Amino acid sequence: MSSKNPGSSTSKRGFASMDEERQREIASEGGRAAHASGHAHQFTSEEARRAGQKGGEAVSANREHMAAIGRKGGEASHGRRGDTKSARSGQKNEEGD
């Protein structure tokens with residue numbers, strides 16, 4: 001007999017099928033054990049800085065992605081500015097009349 005649910009393609013077994021809280025508990029235990037045994041890697045500030053720099057280089061190398069981010073940010077800031085301008089101009093007209 002199969003361990004899978006009838007009519008379903010997912011199993012009720014394994015780490016991925018556990019609820020998120022239980023996954024966190026298990027992962028946390030593993031992290032504590034690794035640190036306690038001295039097998040866990042602890043980044044120096046220089047290693048962390050270099051890792052962040054490499055990630056930034058990888059992301060910024062994709063020009064299409066960076067352009068999309070810029071457009072999205074521009075739309076957000078211009079949208080707010082447009083609302084503010086119209087609100088301000090409405091206030092000026094009321095005060096000027």
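Reader: Let me start with Glu-25: which residue does it form a salt bridge with, and how far apart are the closest N and O atoms?

Author: A salt bridge is a side-chain nitrogen of Lys or Arg within 4 Å of a carboxyl oxygen of Asp or Glu. Here the partner of Glu-25 is Arg-22, with the closest N and O atoms 3.1 Å apart. Before we go on, please note that this is a predicted model, in which local features need pLDDT of at least 70 and side-chain atom pairs count only at pLDDT 80 or more, while totals for chains, interfaces and linings use all residues. Residues are numbered from 1 along each chain as its sequence is written, and side-chain values use heavy atoms, with hydrogens and water left out.

Reader: Why are Glu-25 and Arg-22 separated by about one helical turn?

Author: An α-helix has 3.6 residues a turn, so residues three or four places apart point the same way. Glu-25 and Arg-22 are separated by about one helical turn because they sit three residues apart in helix 1. Helices (H or I, at least four residues) and strands (E, at least two) are DSSP runs, numbered from the N terminus.

Reader: And how accessible are Glu-25 and Arg-22?

Author: Buried means under 20% relative accessible area, exposed over 50%, and partly exposed in between (1.4 Å probe, protein chains only). Glu-25 is partly exposed at 35%, and Arg-22 is partly exposed too, at 36%. Elsewhere, salt bridges with shared partners link Glu-20, Glu-21 and Arg-24 into one network.

Reader: How many salt bridges does the structure hold?

Author: Five.

Reader: What should I look for at the ends of helix 1?

Author: Begin with the N-terminal end, which Asp-19 caps: one of its side-chain oxygens lies 3.1 Å from the backbone nitrogen of Glu-21. Just after the helix, Gly-38 takes a positive phi of about 85 degrees. Between those ends, helix 1 has 18 residues and reaches 26 Å from first C-alpha to last, close to the 26 Å expected at 1.5 Å a residue (that is, 1.5 Å times one less than the number of residues).

Reader: What does Gln-23 touch, leaving aside its neighbours within four places in sequence?

Author: With contact taken as heavy atoms within 4.5 Å, Gln-23 meets Phe-15, Ala-16, Ser-17 and Met-18. Gln-23 lies in helix 1, and a polar atom of its side chain is 2.7 Å from the backbone oxygen of Phe-15. For the backbone oxygen of Ala-16, the distance to a polar atom of that side chain is 3.4 Å.

Reader: Where does His-39 lie, and is it buried or exposed?

Author: His-39 lies in the loop between helix 1 and helix 2 (45-60), and it is exposed, with a relative accessible area of 68%. Its side chain is 2.8 Å from that of Ser-37 in a polar contact.

Reader: Stepping back, how many helices and strands does the chain have?

Author: Three helices and zero strands, running α-α-α from the N terminus on. Buried residues make up 2% of the 97 residues.

Note on methods:
Polar contact = N/O pair within 3.5 Å; in protein donor to acceptor, adjacent residues only side chain to side chain.
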